[in-house]
Amino acid sequence: MEIKAVIFDLDGVIVSTDEYHYKAWKSIADKENIDFDRTINNRLRGVSRAESLEIILEDSNKKYTQEEKQILLEEKNNVYKELLKNLSSLDILPGVNEVMNYLKSKNIKIAIGSSSKNTSLILEKIELSNYFDEVADGTMIKKSKPDPQVFILAADKLEVSPKNCLVVEDAEAGVKAALNGNMKVAAVGDAIKCNKATYNLDKLINLINIINK
Ligand code: B16
Ligand code: MG
């Protein structure tokens with residue numbers, strides 16, 4: 001099936017903001033005396049902020065009220081946004097610019113499909129705001145990955161049928177979301193381990209080989 005559009009996840013695919021999410025959640029967990037490590041952090045990839053907090057609180061004996069949870073969510077986002085202040089185009093991950101230029105040269109549309117409500121801010125910081133044909137993000141959806149809503153929205157905005165879309169993801173939740181939306185999916189980084197993706201990429205640049213198949 002011909003690929004007419006590629007939908008990129010943001011955190012962990014275009015830029016390593018996944019590390020900043022980890023640091024911000026770690027500071028909240030430490031303050032609350034909750035065990036939190038990189039294994040738990042991997043379960044938060046692609047998952048919304050509120051659902052991420054629920055996963056972290058599984059390891060706490062304390063019952064948190066909605067108000068207390070809301071405060072923790074705000075604190076986490078404040079720490080995260082503080083860390084984003086240093087983000088620049090130098091943080092774009094290896095192969096991203098090459099792959100996107102290649103796709104453009106082949107007239108294949110490109111979009112962002114991210115759970116993050118900070119997507120616009122991040123794209124601005126890394127100077128890619130005007131680069132994508134369309135953006136679908138956490139501010140525009142009700143259900144987060146593994147629900148396909150964010151990718152379906154991106155495909156709708158691009159006016160490309162899901163079956164002609166390829167998603168690039170670093171999270172198991174994102175791989176499942178793409179498959180749930182009847183799209184093909186290329187896994188990078190941590191998502192390779194789940195062994196569910198249509199393709200596994202040890203380097204993003206190898207996406208070019210998939211397009212040429
Ligand atoms: P925010 P992605 C996701 O982005 C992150 O992987 C996930 O860790 C985060 O909780 C989620 O965005 C929400 O982010 O707190 O900025 O709204 O991987 O879908 O691009
Ligand atoms: Mg991601």
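**Exercise 1.** Determine whether F132 is buried or exposed.

Solution. The relative accessible area of F132 is 8%. Buried means under 20% relative accessible area, exposed over 50%, and partly exposed in between (1.4 Å probe, protein chains only). F132 is therefore buried. The model is predicted: local features need pLDDT of at least 70, side-chain atom pairs count only at pLDDT 80 or more, and totals for chains, interfaces and linings use all residues. Residues are numbered from 1 along each chain as its sequence is written, and side-chain values use heavy atoms, with hydrogens and water left out.

**Exercise 2.** Classify the aromatic pair of Y131 and F132.

Solution. Rings of Phe, Tyr and Trp (its six-membered ring) pair if their centres lie within 6.5 Å; planes under 30 degrees apart count as stacked, over 60 as edge-to-face and the rest as tilted. For Y131 and F132 the centres are 6.3 Å apart and the planes make 80°, which is edge-to-face. Y131 is partly exposed, at 21% relative accessible area.

**Exercise 3.** State which residues form one aromatic cluster.

Solution. The cluster consists of F8, Y131 and F132. F8 has 0% relative accessibility and counts as buried.

**Exercise 4.** Find the distance from the charged end of K104 to the ring centre of Y131.

Solution. A charge sits over a ring if NZ of Lys or CZ of Arg is within 6 Å of the ring centre and within 35 degrees of the ring normal. The charged end of K104 sits over the Y131 ring, 4.0 Å from its centre. Likewise, R38 lies over the face of Y22, at 4.1 Å from the ring centre.

Methods: Chains lettered and ligands numbered in written order.
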